[in-house]
Amino acid sequence: MPAATVEEIVSGIAVLAGATGRPLRLMEVCGTHTVAIFRHGIRALLPGSIQLLSGPGCPVCVTAAADVEAAIELARSGTVTLATFGDMMRVPGRRESLAEARAGGADVRIVYSPLDALALARREPSREIVFFATGFETTSPLVAGTLAEAERLGVANFSIICVHKTVPPALAALLGSGEVRVDGFILPGHVCTVTGVAPYAFLPERFGKAAVVTGFDARDILAGVAMLLAQLAAGKPAVEIQYTRVVRPEGNPRALEILGRFFEPCDAHWRGIGTIPGSGLALRGQFAHRDALRRFGLERPEVPEPAACQCGAVLKGIKTPPDCRLFGKACTPERPVGACMVSSEGSCAAYYKYHDTGTAAAGQAAP
């Protein structure tokens, strides 16, 4: 049977939205979904009764200023080279970003993978190389694999600042706070490739929320929305997979195995949200020598959020970027105040880029 066209899916969504008989709020958890929704003009294709909200799924946006400060301090020490992904370079710390610290003489280098940072450590054995390990379950297995390689090769001058985070505890914290009103979740396709869907079972079971894992092109996202509406119209919330060509219910066992070998759950601080129990990943005790903060005796400083910045409320889905009085005025992609304006996957940056300029046609390939 041929797959439904975008037009047919949109028509079905209108019917299902009418069947629910009430306004609905759906949250896309992943920053890549946020950008894809704008690029494909998804909002314009949905009935007015459906509101899409952005969630806390942009790794750059949720990396705390205190963690950026710790990275800057190490890079300024004179003995350490800090290796980081390029999208972390402009994230504000207390007084400056990593890019500004580099301009001031700190040794900060951009890498495209944690393995690049390990290769740097092997090329420069007289330098201490520290990789700023940010991101969610999509990235952390790659870092675990790099650590395994460092152990195998006996590379002694390689360590990480570990600020990895996991998505399910954040969603549980948002719903448990009572501040967030969401009927269903568009779950992150890349993250679920690793984790599978079992970690999200609490959404329907504990909170009565619908959930669907979707891919990233227009058809995927619209089909996921249709599946969410079908659950809500039937009054049977569940966790389903639309992105079946990539995501298996059990996830990736090999990735989960190496993740569990090197990391264990810990409390983590999310920018604008606060500390969420069990939402981070810490190196297990036998790998403490790879923990840069411990290795160099560095404390994580207390850093307040920028005054008037509403990134926290945006990441919780309580406000949209235009609700922030800094948006597009004091805070722009050229001069970001909050992290949500820095990353290309940040909701503020996406709103700024697409909100007033129209969107691409449905059916265009996702980035």
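Reader: Which residue forms a salt bridge with Glu 264, and how far apart are the closest N and O atoms?
Author: Arg 284, with the closest N and O atoms 3.4 Å apart. Keep in mind that this is a predicted model.

Reader: Where do Glu 264 and Arg 284 sit?
Author: Glu 264 is in strand β10, and Arg 284 is in the loop between β11 and α14. They are 20 residues apart, so the pair links distant parts of the chain. Glu 264 is partly exposed at 32% relative accessibility. Arg 284 is partly exposed too, at 26%.

Reader: How do β10 and β11 pair?
Author: In the antiparallel sense, over 7 bridges. Phe 263 stands opposite Leu 283 in β11. The hairpin has 3 residues between the strands, and Gly 272 takes a positive phi near 80 degrees.

Reader: Back to charges. How many salt bridges does the structure hold?
Author: It holds 16. One of them joins Asp 67 to Arg 300, with the closest N and O atoms 2.8 Å apart. Asp 67 lies in helix α5 and Arg 300 in the loop between α14 and α15, so this pair ties together parts that are 233 residues apart in sequence.

Reader: Is Asp 67 buried or exposed?
Author: Buried, with a relative accessible area of 7%. Arg 300 is partly exposed at 33%.

Reader: What about the rest of α5, how many of its residues are buried?
Author: 10 of its 11 residues are buried, so the helix counts as mostly covered. Among them are Ala 65, Val 68, Glu 69 and Ile 72.

Reader: Which elements do those buried α5 residues pack against?
Author: Strands β3, β4, β5 and β6, plus helices α6 and α14.

Reader: Lys 165 next. Which side chain of opposite charge is nearest?
Author: Asp 67, at 4.4 Å. Lys 165 is buried yet has no salt bridge, because the cut-off is 4 Å.

Reader: What does the Lys 165 side chain have as a polar neighbour?
Author: The backbone oxygen of Val 163 lies 3.2 Å from a polar atom of that side chain. Lys 165 itself is in the loop between β6 and α9. Not counting residues up to four places away in sequence, Lys 165 touches Asp 67, Glu 137, His 269 and Trp 270, among others.

Reader: Which residues are linked in a network of salt bridges?
Author: Asp 107, Arg 109, Glu 124 and Arg 127. Arg 127 is in the loop between α7 and β5, while Asp 107 is in the loop between α6 and β4. Asp 107 counts as buried at 18% relative accessibility.

Reader: Switching to nonpolar packing. How many residues has the largest core?
Author: It has 73. Those with the most contacts inside it include Leu 82, Ile 161, Phe 185 and Leu 203. A second, separate core of 25 residues includes Leu 26 and Ala 226.

Reader: What does Phe 185 contact?
Author: Leaving aside neighbours within four places, its contacts include Met 27, Leu 171, Lys 209 and Leu 228. Phe 185 is in strand β7, where both faces are covered. Gly 184 and Ile 186 are buried on one side, Phe 185 and Leu 187 on the other.

Reader: Which strands is β7 joined to?
Author: β1 by 3 bridges and β8 by 4. Both pairings run parallel. Leu 26 stands opposite Gly 184, and Ile 186 stands opposite Val 212.

Reader: Last one. Is Tyr 200 buried or exposed?
Author: Buried, at 0% relative accessible area. Tyr 200 is in the loop between α10 and α11. Its C-alpha is 7.0 Å from that of Val 239, 39 residues away along the chain.

Technical notes
Residues are numbered from 1 along each chain as its sequence is written. This is a predicted model: local features need pLDDT of at least 70, side-chain atom pairs count only at pLDDT 80 or more; totals for chains, interfaces and linings use all residues. Side-chain values use heavy atoms; hydrogens and water are left out. A nonpolar core is a set of buried Ala, Val, Leu, Ile, Met, Phe, Trp, Tyr and Cys residues joined through side-chain atoms within 4.5 Å. Buried means under 20% relative accessible area, exposed over 50%, partly exposed in between (1.4 Å probe, protein chains only). Contact means heavy atoms within 4.5 Å. Helices (H or I, at least four residues) and strands (E, at least two) are DSSP runs, numbered from the N terminus. Two strands pair if DSSP finds at least two bridges between them. Lys and Arg count as positive and Asp and Glu as negative; His and the chain ends are not counted. A polar contact is a pair of N or O atoms within 3.5 Å; within protein, one must be able to donate a hydrogen and the other to accept it, and residues adjacent in sequence count only if both atoms are side-chain atoms.
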